[in-house]
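My entries follow the model itself.

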Amino acid sequence: MSIAGIFEHPLGRLGLDSLPFWNMLQHPTKGNIINGIIATGAASVVVFGALGLIVVLTRYKLWRVLWSEWATSPDHKKIGIMYVVIAFVMLARALIEAALMRAQQAYGLGGGFLSPDHFAQLFSTHGTIMIFFMAMPFLTGVINYVMPLQIGARDVSFPVLNSISLGLTAAGAALVMVSLVLGKFSTGGWFGYPPYTEATFSPGVGPDYWIWALTLGSLGSTFTGINFAVTIYKERAPGMKLMRMPLFTWTALCTSILMIFAMPPLTVATAQLALDRYLGFHYFTNALGGNMMHFANLFWLFGHPEVYILILPAFGVYSELFSTFSGKVLYGYRSLVMATMAIAILSFTVWLHHFFTMGQSANINAVFGIASMLIGIPTGVKIYDWMLTMFRGRVRFTVPMVYSIGFILLFVLGGMSGILLANPTVDYQVHNTVFLVAHFHNMAVPGLLFGMIAAYHFWFPKAFGFRLNERWGMISALCWIFGFMLAFFPLYALGLMGLPRRTVAYTEPSYVPLEWVAFLGALLILTALASLLWQLWVSIKQRDENRVFAGDPWDGRSLEWSNSAPPPEYNFAVIPEVKGRDAFTMSKEGGTAYQRPDTYQDIELPKNSAMGPVIAAIGFTLAFGLVWHIWWMVILSFLAAVATLIIRGFARDTTRIVTAQEVRQEHHRWIDAVAAATAIARVDENKPANDGLAQHASDGVVP
Amino acid sequence: MSQQVLKHPGLNLGPAHGKDDRAAENMMFGFWVFLMSDAILFGMVFATYVTSVHATAGGPGPHALYDLKSAFIETLLLLASSFTFGMASLALKYKHGKPRLIGWMVLTLVLGMVFLGFELHDFSSMFAKGGVPSRSGFLSAFFDLVPLHGLHVAAGCIWLICLVGQILRYGLDTATKLGIMRLALFWHFLDIIWIAIFSVVYLTGLT
């Protein structure tokens, strides 16, 4: 690339043909028009959505608030909320794509309405988004919000790094959104296997979008993992020994460790694929000594631990829910901790089961097959522990609990199909069919997604100070559960009938009825999402009657319920002293909750920093330039990134002080509110009477 | 010397540094964890190299391309730079004054840059013999592993310059001290990686 070349093509590969409707205008066949309209519609949603957001922000003069209260905030609670917002936006997009794919397959006998290329983009973006820009931000957001509160910390260890991680994730998500408007996304699936994704077979921008979106996301996750692990090891309140930590924090720790170890292989895999595509290296090419099996190994060395990065935090959420909503101590705490650790370690020993059919010997397959089945043991331990937690408890059927019970029933089924697939001989029969699609959705949707949505219901009152509407929550939960069953159970049957995954069309009429059932399931899931959004709207409208400022709406057991809702930015006026497991329950029963300390101290907090949004902007332009070969943009962005880091190194005076006087005022305001609130029994917890103060055993009632 | 509790693995500033010593605990622990992650990164690239070493696709192999003498000089340079950085760390811990500290740091920087010079010279002579990364899977893997280390060293050099700048601008405040301690870990880490490269790539390649 010469200097002249940079100026000859200032926009790189970007041209009119990058627009989603260009092909339709040039070649107006029926198929092109249908695909063009769908693509243009999706692009319009992105463009008009962005424009609408800008108009609203300007109209209501919210730019300053957005910048100084949110984008530059190093507060783990705000960062957590922003992660969850990203997750919901991306969830909406990927769900619509899923429904579109199900519609295509319902009409897919002998054709359907989508072109194979368009369909391939849909399943690639659906998978990429759901894993990297829905699930990862969601669990990162929930851990961000909850974990420091649970261990009695003021913030994570590195608050500005936290903001940078968010920025990198947001930049990756933005890149995937831009791919709807300019150019096409990869057609190589969410794991982008070469040699198909090499320049020889996919010369367009698609795989480049995929590579750089993942690279941004995986860097963000690596830093997140480091940050969380250090926080849990170093920032725990006095007395919060490891074996006293709430189980959600334990799963957060295991997930962080997995992130630290499992993200680098992904970074290496995407970087090497990029070198192949941009500079003609031969890591994974067909010719000159390249070997795509390197990619398969690297990718799944990340990809399998990733499965547990996703599921472990959800396990943690369920542990909290079963205990809280059964009004009981968690059964088998120690075995749950050990099971979590065992899963984390085993997760590194099974990656090969993602490619049993790719040529290794039967003995190697057997070893990895057995290792994969072993994971069923600690998972089974957990299931029994949760059921025994409910046993003889007073189980309250709140929305999070409905999700949890749906999870147990469905997840066990999915686990069973996983044990089947772990057997290489069975895998040979059903691999690459929709049986597999049914299996991993059966783990990911009831396992991860239900867990995250339940977490959203559970901790929403803590984060925003009012409860979510119970009725719409219940409607949504039931739609999710039954929608899931309708959408994915037929796929087990279709898989056994031989329908390959990622098939745009088929010629076998007996698939049609089941495909329609699955399509109806997809529509029901869309209804579930719509109900969830409607629930948020209704809840915001009714917020004044559902306030829980006292902070403990569910008779919670761990420290995050021991302060106001929402908590002050420094979390705790006085760092709590922990005497055992279920620290808050202990202090409620011992009558030491809601104390007014004699003295308060100044609290040091990190100042706001523009690092997060600046790195996000630079990361985005760098990746965008790389995708479209806009070299001047790449060079400038790279230099800007280096300069930003150097300037940050010279930054001093990065903390500010909240004075003891302010802390006292805020704390007293809350304690006064607690004193004024009426403690309510559990049967009333979904009524407006719930101010966030719970009756407990020491009041002489059976909770 | 009385029994002193280490706040983190490696060289501790010690109680004489007061709040800086306390601040080091979380920061240094975090940096160790980062290095673990970075070690996995190198581990993956090493694995790629080891599995690709025979994939020369008819192109030049290790014997035709590697220059053991040059690699040995590079090893000595990097080991010497680790020693000089060690002296810088001691000068920081025992408060030998800024001039000595900066002196050792600048010496480290010079050694690091000479190392990079030798390495670039190696690469260009490999290029001249037809050993370009697009020639074969083996050369792709080589040019992933060795330059990745080189890039790390280059980043370390930039960081070193910035830290000298910070010392001159702010003196030895908490942030500067912690910066020097982290860079020290980073520098020794790269030394260990280089020992692995020298053994796995150059020595094994030329046997």
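Which residues line the second largest cavity? I noted first that the model is predicted. Then I listed the lining: Tyr83(A), Phe132(A), Met136(A), Pro137(A), Thr140(A), Thr169(A), Gly217(A), Ser218(A), Gly220(A), Ser221(A), Thr224(A) and Met263(A).

**Entry: the second largest cavity**

I looked up its volume, which is about 80 Å³. Next I checked which helices contribute. In chain A, α6 (116-150) and α8 (206-234) each give at least two residues to this lining. The largest share comes from α8(A), with five residues. I then sorted the lining of the second largest cavity by class. I found five nonpolar residues, seven polar ones and no charged ones.

**Entry: the count**

How many cavities of 30 Å³ or more does the structure hold? I found four.

**Entry: the largest cavity**

I turned to the largest cavity and read a volume of about 170 Å³. Its lining is made up of 16 residues. Which of them lie nearest the centre? I wrote down Pro246(A), Leu247(A), Glu320(A), Leu330(A) and Asp582(A).

I also asked which element supplies the largest share of the lining of the largest cavity. That is helix α10 of chain A, residues 292-326, with four residues.

Last, I looked up the classes here. The lining of the largest cavity holds seven nonpolar, four polar and five charged residues.

Definitions and conventions:
Residues are numbered from 1 along each chain as its sequence is written. Chains are lettered from A and ligands numbered from 1 in the order in which they are written. This is a predicted model: local features need pLDDT of at least 70, side-chain atom pairs count only at pLDDT 80 or more; totals for chains, interfaces and linings use all residues. Side-chain values use heavy atoms; hydrogens and water are left out. On a 1 Å grid over the protein atoms alone, a cavity is a set of points where a 1.4 Å probe fits but cannot get out, and a pocket is an open set with protein on both sides within 12 Å along at least five of seven lines; lining residues have an atom within 4 Å of a point. Grid points are joined across faces, edges and corners, and a volume is the space filled by probe spheres set on the points. Ala, Val, Leu, Ile, Met, Phe, Trp, Tyr, Cys and Pro count as nonpolar, Asp, Glu, Lys and Arg as charged, and the others, Gly among them, as polar.
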